[in-house]
Amino acid sequence: MRLFPVFLLVVTMAVAQAQQLDVEKMFEERNLGPVTEMLAHGEYELVARVGEAAVEKGLKAPEWRIMRLKALVELGRIEEALEESRKALAIFPGHFELLMLRHDFAKMLGQSDVAAEALKAFNQVAKAKSPKERTAMETVMLGRAALVLGADAQKVISQYFKAAQGKDAKLEAAYLAEGHLALDKDDAKRAAEVFRAGLKAHGETAEMRFGLAKAFGTSDREKAVENLAKALELNPNHKAAHLLRAELLIGGEKFVEAEAAVQLVLDFDEQHPLAWSLRAVVAHLFHADAKKVAAARTAALKRWGKNPAVDHTIGRCLSRAYRFAESAGHQRKALEMDANYLPAKVQLCHDLLRLGEEDEAWKLSATIRTEDGYNIQAHNLGQLEKEMNGYVTKSFEDFTLKMPKRDWPIYGERALALLREARAVLAPKYGLELKRPVLVEFFGAQQDFAIRTFGALGGQGMLGVCFGTVVTMNSPGSLAHGRNNWESTLWHEFCHVITLSATQNRMPRWLSEGISVYEEKQRDPAWGMPMDATFREMTLDEETLTPVSQLSGAFMNAKSQEHVMFAYYESSQVVEYLIEKFGREKLLGVLRDLAAGKRINDALEANVGELEGIEKGFTQFITAKAKGFGALADWEEPKPEDLNPFDEGSLANYLKQHSNNLPAMRKFAQQMVKQKNWPEVLRLADKLIELLPDGYDADSGYALKTMVLRELKREEVELAVLRQIAANSSGAQSTYLRLIELDLPKQRWAEVKANAQRATALNPFLVTPQKALGEANAALNLRDEAIAAYERVLVLDPSSAAQTHFKLAQLWKETDAAKAKRHLMDSLALAPRNREGLSMLQAW
């Protein structure tokens with residue numbers, strides 16, 4: 001079908017020559033469109049030949065040459081394209097698009113003198129043509145030239161790219177120019193809006209879909225993959241789309257598939273610099289072969305020996321694999337080739353932050369802002385630096401902690417103590433001696449955490465991230481109060497410090513996350529990730545359970561947040577299986593082999609046996625766990641025909657025949673709660689506990705039972721059930737607070753303290769557990785701990801300051817009379833009629 005325009009071209013040309021008629025214009029109008037479509041669909045060889053034929057026949061439209069030049073570039077024939085651009089400009093002197101193409105080709109080859117000459121010629125012809133006479137395409141080219149000459153990006157958008165869209169709303173080039181400029185400035189949100197507008201105005205194109213894929217690349221993987229697939233459907237030979245796909249595959253540790261995607265580009269262009277750059281990345285991460293890395297990098301620089309994009313690309317991809325030091329080295333090489341190459345400066349800035357070299361990073365960020373006022377990442381980092389200048393920094397031999405000023409008195413000491421405990425436990429366990437302090441930063445606002453961690457807004461739901469010897473955390477007072485345990489998260493992230501350091505950051509994500517979740521549970525049985533109903537269902541689903549050899553992809557290719565959480569859970573279960581089956585020393589052997597450069601599957605086979613056997617054994621291990629969870633229960637949802645929604649007794653009748661059906665039992669329990677039939681609800685709660693004794697979430701029989709017992713005022717029984725929940729759950733905030741409420745009047749101080757600590761591990765900014773800690777520690781004669789708790793209460797609850805000062809006066813009296821008296825006077829100043837305070841003052 002695609003040969004028809006070429007056939008038509010030859011026939012029409014013959015007719016035109018024979019009859020000497022002026023039909024060239026008609027011919028071109030009819031055939032330029034179809035050939036343009038061929039170019040858009042990736043038929044580069046055919047377009048190049050058509051363009052060559054048009055030139056030989058002397059066709060007048062410059063578009064024939066432009067399309068041929070673009071096709072030659074896609075085929076990797078850059079030198080040929082550059083030479084033909086010279087010839088084309090001899091025929092069409094001052095043609096805006098031809099001049100910009102010549103500039104671009106010269107830049108690809110590193111011929112800066114030719115590029116400068118083309119730009120100079122462009123500038124001269126641009127001055128000779130008034131704005132009113134310029135076409136929409138010429139306006140776009142003017143904008144591109146202005147950017148090369150250092151014009152302000154925002155002005156270029158408004159004066160050129162938007163103006164071009166106003167002249168021709170359907171001009172694809174106008175939207176592509178604006179969208180890719182936004183991407184260059186890390187303004188992904190704006191880029192997505194522009195590409196969407198372009199699709200609406202112009203219609204579907206591979207270039208527009210590719211732009212959208214890049215715009216979503218760091219924020220929405222599903223949309224990125226979807227748009228990338230559409231781009232390749234429209235143009236199966238779209239080189240940039242294949243390379244973006246290769247990058248995504250590398251991120252998912254699918255290295256063989258990534259190499260195949262790269263090869264598709266090299267089949268067209270055997271010297272493509274970015275294709276060889278990605279091949280170098282694969283050689284580094286997958287083959288761990290320094291010679292292959294060097295050979296691929298050399299091939300990437302063959303076309304232009306000082307192309308900064310080569311080392312920038314290699315480093316950027318290594319940075320995503322947590323090889324920050326290596327990435328920084330590549331960014332410095334890129335800047336040696338071109339000291340003004342901004343992408344390398346931006347990436348180096350992020351790498352330095354992740355390496356803990358903050359002073360150099362902030363200086364570099366300021367330089368970028370001076371050079372490029374539109375760069376979003378540099379702007380965000382500038383705002384972050386201002387915010388962090390107000391943070392408290394506490395430096396010790398083993399740790400440096402940074403956090404908002406309001407945070408340090410509330411949980412700073414606890415964070416330091418927990419980190420030191422983790423270091424004392426985990427470093428010897430994994431045979432590691434940390435030789436530098438670990439930097440841990442807490443951020444009061446989620447957006448600050450995101451910018452510091454990811455370089456951009458986003459990352460909602462993330463609590464902490466480790467880069468090696470740098471950890472970033474959301475402040476426990478800033479996100480999801482009472483649901484996420486910041487202490488278990490901090491332990492988890494410090495475990496990453498140990499394992500990443502032990503392997504020199506050469507470990508797959510699944511193993512790193514799996515060990516951290518596993519070690520959470522070793523520290524506290526209530527931490528970590530227990531089997532639950534969701535994990536049970538996903539484990540027993542063969543499509544969801546991922547083979548060990550592909551587990552990192554379970555994080556990268558997760559369909560939903562639920563699937564991400566299951567990837568964490570499954571990874572931790574693999575670690576548990578390996579330790580139980582083969583012993584901890586074998587796992588340490590795997591880590592040592594990873595540090596030496598072995599691939600994970602090779603390291604596993606060298607230490608614990610063939611991968612096929614490991615996967616088979618693990619599947620049996622985790623499947624048995626899933627089947628054992630609620631083994632007595634019937635998990636099947638009742639079918640619609642089994643229940644009559646108009647018959648209130650339908651559910652009760654169904655349960656008579658299916659007495660162990662969990663879904664039906666839960667629905668029936670809800671009915672009974674609405675009817676306040678507490679004896680029946682209590683019976684159902686006990687039955688749920690019998691069927692699911694290891695389930696402690698909000699839908700469990702235990703939660704239902706405590707609610708009923710509270711209604712029935714059976715306090716002692718409620719207390720026992722509450723204690724069971726508290727011992728087995730790290731996120732049961734309402735349970736901890738209820739236990740404090742019940743235990744305080746009875747002066748059960750050990751229990752009060754335990755649950756107050758559990759509550760503050762979820763949210764240390766809550767006043768009630770902090771006051772309870774003060775009372776319990778004072779009663780247990782733990783004077784220093786009691787003082788620390790009451791000092792936190794002073795910060796958190798100024799309304800009770802009089803009483804708190806008085807308690808602190810009592811606690812300080814025996815060891816520091818001056819402090820005690822100051823607190824007493826502060827108390828009396830706020831409450832002058834306090835008889836106990838006055839008596840204490842008189843007895844001084």
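This is a predicted model: local features need pLDDT of at least 70, side-chain atom pairs count only at pLDDT 80 or more; totals for chains, interfaces and linings use all residues.

Biologist: What makes strand 2 largely enclosed by the rest of the structure?

Modeller: Five of the five residues of strand 2 are buried, so the strand is largely enclosed by the rest of the structure. As for the two sides, side chains in a regular strand alternate between the two faces of the sheet.

Biologist: Why is Phe-399 called buried?

Modeller: The word buried applies under 20% relative accessible area, and Phe-399 has a relative accessible area of 0%, so Phe-399 counts as buried. The value for Phe-494 is 1%, and therefore this residue is buried as well.

Biologist: Why is the aromatic pair of Phe-399 and Phe-494 called tilted?

Modeller: Ring centres have to lie within 6.5 Å for a pair, and planes under 30 degrees apart would be stacked while those over 60 would be edge-to-face. Phe-399 and Phe-494 are 5.7 Å centre to centre with 55° between the planes, so the pair falls in the remaining class, tilted. This pair links distant parts of the chain, with Phe-399 in strand 2 (residues 399–403) and Phe-494 in helix 25 (residues 486–502), 95 residues apart.

Biologist: What makes the pair of Tyr-577 and Phe-621 tilted?

Modeller: The centres of these two rings are 5.4 Å apart and their planes stand at 50°, so the pair of Tyr-577 and Phe-621 is tilted too. Here the link runs from Tyr-577 in helix 29 (residues 561–582) to Phe-621 in helix 32 (residues 611–628), which are 44 residues apart, and both residues are buried. The structure holds 22 aromatic pairs, and ring pairs also link Tyr-411, Phe-442, Trp-486 and Phe-765 into a cluster.

Biologist: How do you know that the charged end of Arg-420 sits over the ring of Phe-396?

Modeller: The distance must be within 6 Å of the ring centre, and the charge must also lie within 35 degrees of the ring normal. The charged end of Arg-420 is 5.1 Å from the centre of the Phe-396 ring and is placed over that ring. Likewise, the charged end of Arg-279 sits over the ring of Trp-276, 5.4 Å from its centre.

Biologist: Returning to the sheet, why do strand 1 and strand 4 count as standing at the edges?

Modeller: Five strands form an open sheet with mixed pairing, in the order 1-2-3-5-4. Strand 1 (392–395) and strand 4 (464–466) each have a single partner strand, so one side of each is left without a neighbour in the sheet. From one strand to the next, the twist averages 10°.

Biologist: How do you know that strand 1 and strand 2 pair?

Modeller: Pairing asks for at least two bridges between two strands, and strand 1 and strand 2 are joined over four bridges in the antiparallel sense, so they qualify as paired. Among the partners, Val-392 is bridged to Met-403 of strand 2, and Thr-393 is bridged to Lys-402 of that strand.

Biologist: What joins strand 2 to strand 3?

Modeller: Four bridges join these strands, which run parallel, and the bridge partner of Phe-399 in strand 3 is Val-438. The chain crosses from strand 2 through helix 23 (residues 408–429) to strand 3, in a β-α-β crossover that is left-handed.

Biologist: What makes Glu-543 exposed, and why is His-180 called partly exposed?

Modeller: Exposed requires over 50% relative accessible area, and the value for Glu-543 is 74%, so this residue is exposed. Glu-543 lies in the loop between helix 27 (533–539) and helix 28 (551–556). His-180, in helix 10 (residues 172–184), has 24% relative accessibility, which falls between the cut-offs of 20% and 50%, and therefore His-180 counts as partly exposed.

Note on methods. Residues are numbered from 1 along each chain as its sequence is written. Side-chain values use heavy atoms; hydrogens and water are left out. Rings of Phe, Tyr and Trp (its six-membered ring) pair if their centres lie within 6.5 Å; planes under 30 degrees apart count as stacked, over 60 as edge-to-face and the rest as tilted. Helices (H or I, at least four residues) and strands (E, at least two) are DSSP runs, numbered from the N terminus. Buried means under 20% relative accessible area, exposed over 50%, partly exposed in between (1.4 Å probe, protein chains only). Axes are lines fitted to C-alpha atoms, for helices over the stretch in contact, and angles run from 0 to 180 degrees between N-to-C directions. A crossover is right-handed if, with the strands pointing away from the viewer, the path from the first strand over the helix to the second runs clockwise.
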